[in-house]
Amino acid sequence: MSVTPAERKPIVSAGDFDLSDYDFWARPMPEREHAFRLLRELERPVFYQEMENPLVPRGLGYHALVKHADILEASRTPEVFCSGDGGATNILDMPAEFAEYFGSMINMDDPRHARLRRIVSRAFTPKMIKQFEADVDAAAVRIVDDLIAKGPGCDFVTEVAAKLPLKIICDMMGIPEKDYRAVFDRSNIILGGFDPEYVGLDMNTVAERLLTAGMELQQLVQDLAAHRTEHPTTDLTSSLVNANIDGEKLTMQELGSFFILLVVAGNETTRNAISHGLHLFTEHPDQRELLLQDLDGRLPGAVEEIVRLASPVNYMRRKVTRDHEMNGHLYREGEKVVFYYWAANRDESVFTDPHRFDITRSPNPHIGFGGPGPHFCLGAHLARREITVMFRELLRRVPRIEGGAPERLHSSFINGIKRMECAF
């Protein structure tokens, strides 16, 4: 049962909070930043018990990795810190019935992970992303046209931040515009976290809604794939169902899971980075002015700094395959570790004045797209392109746009903004 802000215990030491407590993720952002700073100051990672959930057995618990160096080293050792045993996108092991919809390559290990990534990765190379540049540019122009026509006071998240990645991903896959809203709504449910607006409070209802959303997204792309098998076009769905790559192709189930991963990871995370970006420029007008002085020259650095501070994906989980010592600490077989990217991107040992928004920060070795290794974000090039184009168009045409107080998503997994009124 959730507690009110007045009932929450002040965070003075690392023993005053529990990352497994849903209520922790409803605390104001400064309190969470302080909590993770306390964890980084400790000699070794804290081991937490898993949250109670009636749908799955309670696991052995997990080590919370909050330091940049720990996450880098563990990411480079996927044979020890694996993704496939129970899933990477949730701390609790994924129930078997969820695997059909959410068992995408992000929740797999090699060799199966490598096979799937090899098939789909050709759509996300810098050369392929360049082919979408005109589409991204044109979409951003239309979005800002619509924003200006609506006028100030509208919701920036739904009217701007969500529109660009949703359109680009749906266009890539060949999803018609009439289905955009359905894709948007179902991705909100899948990444709804503990937010009652999207998934409710009863765990059985949560499971039902998640499975229904996954089933509907999978059915949408499988119906399209069946049509593309007989009537191929130039979209990604046609390529995936008709072309053998090194003698391999996706099954229909794999295609469905990949589409869910694509719309969830590519849509939700980029939209949140854009939303956080406007909030950061609103809170730091000096950085906005610096960017406006040389928009094209400073925008690449601004995008990296937005991704660092936004860290749209808070964490990924791994399971230890064998006893392993890392940075002087022993991890036992069967235990879990959670990579808190958001915390590592504020590591004082790596980033000078890490809570400061600095668009000229260099170097900026953030891990907002994940750590090194086989699970580095496949869509990083596309995400960077979309964030760049959206802010270039916005700041050229409505350079004084500002965001109001953000309404945050109640989730431990996604650092999301649900709504944010804008003024210009």
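Q: Okay, axes are lines fitted to C-alpha atoms, for helices over the stretch in contact, and angles run from 0 to 180 degrees between N-to-C directions. At what angle do α15 and α17 cross?
A: Roughly 125 degrees, and the axes of helix α15 (residues 295-310) and α17 come within 10 Å. Helices (H or I, at least four residues) and strands (E, at least two) are DSSP runs, numbered from the N terminus. This is a predicted model, where local features need pLDDT of at least 70, side-chain atom pairs count only at pLDDT 80 or more, and totals for chains, interfaces and linings use all residues. Residues are numbered from 1 along each chain as its sequence is written, and side-chain values use heavy atoms, with hydrogens and water left out.

Q: Left-handed or right-handed, when α15 passes α17?
A: The crossing is right-handed. That label applies if the near helix is turned clockwise from the far one by less than a right angle, and left-handed is for anticlockwise.

Q: Which residues meet there, between α15 and α17?
A: From α15 you have Leu-295, Asp-296, Leu-299, Val-303, Glu-304, Ile-306 and Val-307. They meet Arg-384, Ile-387, Thr-388, Phe-391, Arg-392, Leu-395 and Arg-396 in α17. By class, this contact of α15 with α17 has 8 nonpolar, 1 polar and 5 charged residues. Contact means heavy atoms within 4.5 Å. Ala, Val, Leu, Ile, Met, Phe, Trp, Tyr, Cys and Pro count as nonpolar, Asp, Glu, Lys and Arg as charged, and the others, Gly among them, as polar.

Q: What about α13 with α17, what's the angle?
A: About 40 degrees, with the axes of α13 and helix α17 (residues 380-397) 10 Å apart. So α13 and α17 are oblique to each other. The crossing of α13 past α17 is right-handed.

Q: And which residues of α13 and α17 meet?
A: On the α13 side, Thr-270, Ala-273, Ile-274, Gly-277, Leu-278 and Phe-281. On the α17 side, Ala-383, Glu-386, Ile-387, Met-390 and Phe-391. The contact of α13 with α17 splits into 8 nonpolar, 2 polar and 1 charged.

Q: One more pair. How do α9 and α13 sit?
A: Roughly perpendicular to each other. The packing angle of α9 and α13 is about 85 degrees, with axes 10 Å apart. Val-183, Phe-184, Ser-187, Asn-188 and Ile-190 in α9 touch a set in α13 that includes Phe-259, Val-263 and Arg-271. The contact of α9 with α13 counts 7 nonpolar, 3 polar and 2 charged residues.

Q: New topic. How many residues are in the largest nonpolar core?
A: It has 136 residues, and Leu-19, Phe-36, Phe-156, Tyr-340 and Leu-394 touch the most other members. Helix α13 (residues 252-283) gives the most to this core, 13 residues. A nonpolar core is a set of buried Ala, Val, Leu, Ile, Met, Phe, Trp, Tyr and Cys residues joined through side-chain atoms within 4.5 Å. Buried means under 20% relative accessible area, exposed over 50%, partly exposed in between (1.4 Å probe, protein chains only).

Q: What is Phe-156 in contact with?
A: Leaving aside neighbours within four places in sequence, Phe-156 contacts Ala-161, Ile-274, Ser-275, Leu-278, Leu-394, Ile-401, Met-420 and Cys-422.

Q: Now the loops. Where is Glu-177?
A: Glu-177 lies in the loop between α8 (163-173) and α9 (180-190). Glu-177 has a relative accessible area of 61%, so it is exposed. Its C-alpha is 7.9 Å from that of Lys-167, 10 residues away along the chain.

Q: Which peptide bond with Pro-111 is cis?
A: The one from Asp-110 to Pro-111, with omega near 10 degrees. Pro-111 is in the loop between α3 (99-102) and α4 (112-120). A cis bond also joins Ser-362 and Pro-363, with omega about 0 degrees. Pro-363 sits in the loop between α16 (341-344) and α17.

Q: What's phi for Ser-311?
A: Near 35 degrees, a positive value in a residue other than glycine. Most residues other than glycine have a negative phi, and most peptide bonds are trans. Ser-311 is in the loop between α15 and β4 (315-320).

Q: Is Ser-311 buried or exposed?
A: Buried, at 0% relative accessibility.

Terms used:
Angles under 35 degrees count as roughly parallel, over 145 as roughly antiparallel, 65 to 115 as roughly perpendicular and the rest as oblique.
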